[in-house]
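Please read these points with the sequence and the model open side by side. Each point takes up one part of the structure.

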Amino acid sequence: MPQDLPGFYYDVEKNRYFPIKGPIPGSARASSSAASKPSKVIKLCRKNLRTPKLLQARELFGNLISSNKGKCNFKEEFRKKQVSHPKVWKYFGTEKIGDSALERIHVDMQMQEGQIKTEVLLTGGINGSLSFSKVGKVRPEFDHAVQCVPDCVWPIIKGDQTEFSGAPEHIRRDIGFSFLMSSNISCIKAFRKNSPFAQEDDGSIQHALISTLGSETYGGSLCLLNLSEPLDFNPAALFMRRRIREIANFDCTIWTADCGSNENRVVIGTNMGAALVDTETGMASWVLHSKSDVLAQQLVHSGNVVLCGLRNGAIVTVDVREKRDGSARLVRHSIPQLPLGKTVGKPSKRFKDFTLSSVYNLCLSVSISSLVSLVYDDQYFLASSMDGSVKLYDHRLCQRGAVQSYEGLVNSHTRIQLGVDPLERFVMSGGEDCYLRLWSIKSGELLFQEKFSDTVLSTVCWQRRAELKPSIGIGGEQNEAKSIKEYKDESSSIGAWLGSQGGLFYMQ
C-alpha cells in the first residue's frame, strides 16, 4: 500500500510518485480535493512566514499561493520575507564621514601586481570632509591604513553568531585620501549610464559630481572628480587635490545637485531656483527662478526633465528642452504656498511667484525632503516631505494626488534621503527617531522597522551586482523560474550602505 507523502501524489498505473505543482494535468476536479485542503491550513502571515511554508505552498499551488490577505505571488512573498529580515553591520571608526553624501563606485586601482578593479565608497560629511574608503581586504603594502571592521548590530543574537559568518568586507581608510572642501558637502553623484538596463558596476565610471553648500564667506561650488585614470593609493601622492577640478562658484547656497549620462551638463538646486550648468565652461542656464529654496532634485533618466522639490512644499517638473534665449522667453507662473495642515486640493490665497520653462505643478503641505524618479518606468516618482509622509506619484495624474502612500516615517525638519533598490521593488528611509523603515513600492506595506543606530540615517546608497536583472515596470515580475537557492543568492547580492553622524552601516 503506497504511503501518503506531503507534496506528492501516487500514480497507480505508473507505480511511482509525482510532485504536486498546481492542478495535476488531466486529473478530474474531484481528484484534487485532497490537494485543496492545505489551502485552509497554509495561511501565510508576515510575522510567522517561513521558507518551508512558502515552498510547500508553491509545490501545492504553483506561483499563485494563499495568504491571510488572499491570493499572492510566490516570488513577491519570498522577496518580502527576505527584505523583512535583513542583517545590518556597523563600521566603527567611520563617524561623521558619510552623514551628508554617500556614493559607491567601482574603479580601477594601481597595485604592485598590476591594475585591478575595486569597490570604493566616496563619502561627504557635514563638516566638509571628502573621503575615499576602499572596500575589501587590506594588502600588506597598506599596513599603515586604518581598518574599519564590521560588527553585526541587527538582529541582536546572544551566544553563537555563526549564522552571520557571511559578514561584509572590511573598509580601509587613510588620512591621505581625505580632503577638506570649502564648505559642507551637499551632494556626491556618479554619472549614470545612458541606458537604464546598462550594467553600472563594470568600473567604467569616468567622473563624479561634488557640490558644496556654501557658507557666510563663500558661496556654493561645483566640482568634478576625475576617475578616468587608475587610482594610485600612494600616501606620498597628492591623490585628492590633483583629481578635483572646480567647475564654478556661485553667489548662492547649493542645496542639491544631480547628473545623468551627459557629462557636459549637470543640474543644481539653490536658494534662488534651479539651473543647468555646463561642466566645460561653468556657465549656468537658469530653468527655474524661485523665491523658495530647491531642497531636493532629481534628473529624470531621459535627461529632458528635472524634478524640483521646494521648501514651500511645491514639486515642480521642468522640461529643460525649452529654449532659453533670455528671461523674456520664460513663462511666469503662480504656485500656491500652502500653510501647515493644508493638502493638495485645498489651496490657500497665498502665492509664490516662479519664473520657469514648461512645468507641471504639485503642492504639498510642508518642505520637500527627497525625490526619486523610477528608472524602469519614469512616469512615476517618489517624494518625501518634512511631515513624515512618503508618497508615490504618477506624472500624468499628479493633480489627483498620490498613487501609493507609505506610513510610519518620523520627520519634522531634516533632509533625509530616500533609497530605492536597483530592481525598484522596495524603498527605504531613515527617520528622526533613528529608526530605519523599508516598504514595498507596489503595495505600500511596511516590511521592516527597527532601530540599530543612535543617530539619524540620513544618506543611503544601494549596492548591486552587475548580473542582476531588472523588473518590468513597478513591482513587475519576470517569468523565468528560479530555485529557492537562486532567490536567496539574488537577495544576498543586493545590499545598501547607510550613512549617519554615528558612522557607516551596511544592510544585506
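**Notes on the predicted model**

1. Alanine 208 has leucine 225 of E14 as its bridge partner. Strands E13 and E14 are antiparallel and share 6 bridges; two strands count as paired if DSSP finds at least two bridges between them. Helices (H or I, at least four residues) and strands (E, at least two) are DSSP runs, numbered from the N terminus. This is a predicted model, in which local features need pLDDT of at least 70 and side-chain atom pairs count only at pLDDT 80 or more, while totals for chains, interfaces and linings use all residues. Residues are numbered from 1 along each chain as its sequence is written, and side-chain values use heavy atoms, with hydrogens and water left out.

2. E13 and E14 belong to an open sheet of 4 strands, in the order E12-E13-E14-E15, with antiparallel pairing. Which strands stand at the edges? They are E12 and E15 (244-249); each has a single partner strand, so one side of each has no neighbour in the sheet. From one strand to the next, the twist averages 20°. Axes here are lines fitted to C-alpha atoms (for helices, over the stretch in contact), and angles run from 0 to 180 degrees between N-to-C directions.

3. The largest nonpolar core has 23 residues, and Leu130, Phe132, Met181, Ile210, Leu225 and Leu227 touch the most other members. A nonpolar core is a set of buried Ala, Val, Leu, Ile, Met, Phe, Trp, Tyr and Cys residues joined through side-chain atoms within 4.5 Å. Buried means under 20% relative accessible area, exposed over 50%, and partly exposed in between (1.4 Å probe, protein chains only). Elements giving two or more residues to this core include E6 (101-111), E7 (114-124), E8 (129-135) and E13 (207-212). E6 gives the most, with 5 residues. Another core, of 20 residues, lies apart from this one and has Leu436, Leu447, Leu457 and Val460 among its members.

4. How many salt bridges does the structure hold? There are 7, a salt bridge being a side-chain nitrogen of Lys or Arg within 4 Å of a carboxyl oxygen of Asp or Glu. Side chains of opposite charge can pair when their charged atoms come close. One of these bridges joins lysine 189 and aspartate 258 (3.3 Å, N to O). Lysine 189 is in strand E12 (residues 185-190) and aspartate 258 in strand E16 (residues 254-259), so the pair ties together parts 69 residues apart in sequence. Lysine 189 is partly exposed, at 23% relative accessibility, whereas aspartate 258 is buried, at 0%.

5. Lysine 80 and glutamate 445 form another salt bridge, at 3.5 Å (N to O). Lysine 80 lies in helix H4 (residues 74-83) and glutamate 445 in the loop between E32 and strand E33 (446-451), so this pair ties together parts that are 365 residues apart in sequence. Lysine 80 is buried, with a relative accessible area of 10%, and glutamate 445 is buried at 18%. A further bridge links lysine 117 to aspartate 108 at 3.0 Å (N to O). Is lysine 117 buried or exposed? Lysine 117 is exposed, at 51%, while aspartate 108 is buried, at 18%.

6. Arginine 437 sits in strand E32 (residues 435-440) and is buried, with a relative accessible area of 4%. Its side chain makes a polar contact of 2.7 Å with the side chain of aspartate 433. A polar contact is a pair of N or O atoms within 3.5 Å; within protein, one must be able to donate a hydrogen and the other to accept it, and residues adjacent in sequence count only if both atoms are side-chain atoms. Beyond its neighbours within four places in sequence, arginine 437 has contacts (heavy atoms within 4.5 Å) that include Leu409, Met428 and Phe448. The C-alpha atoms of arginine 437 and leucine 409 are 7.2 Å apart, although 28 residues separate the two in sequence.

7. In strand E35 (residues 495-500), 6 of the 6 residues are buried, so the strand is largely enclosed by the rest of the structure. In a regular strand the side chains alternate between the two faces of the sheet. Gly495, Trp497 and Gly499 on one side of E35 are buried, as are Ala496, Leu498 and Ser500 on the other. E35 pairs antiparallel with E34 (residues 459-463) over 5 bridges, and with E36 (residues 503-507) over 5 bridges, also antiparallel. Tryptophan 497 is the bridge partner of cysteine 461 and of tyrosine 506 in E36. A hairpin through 2 residues joins E35 to E36.
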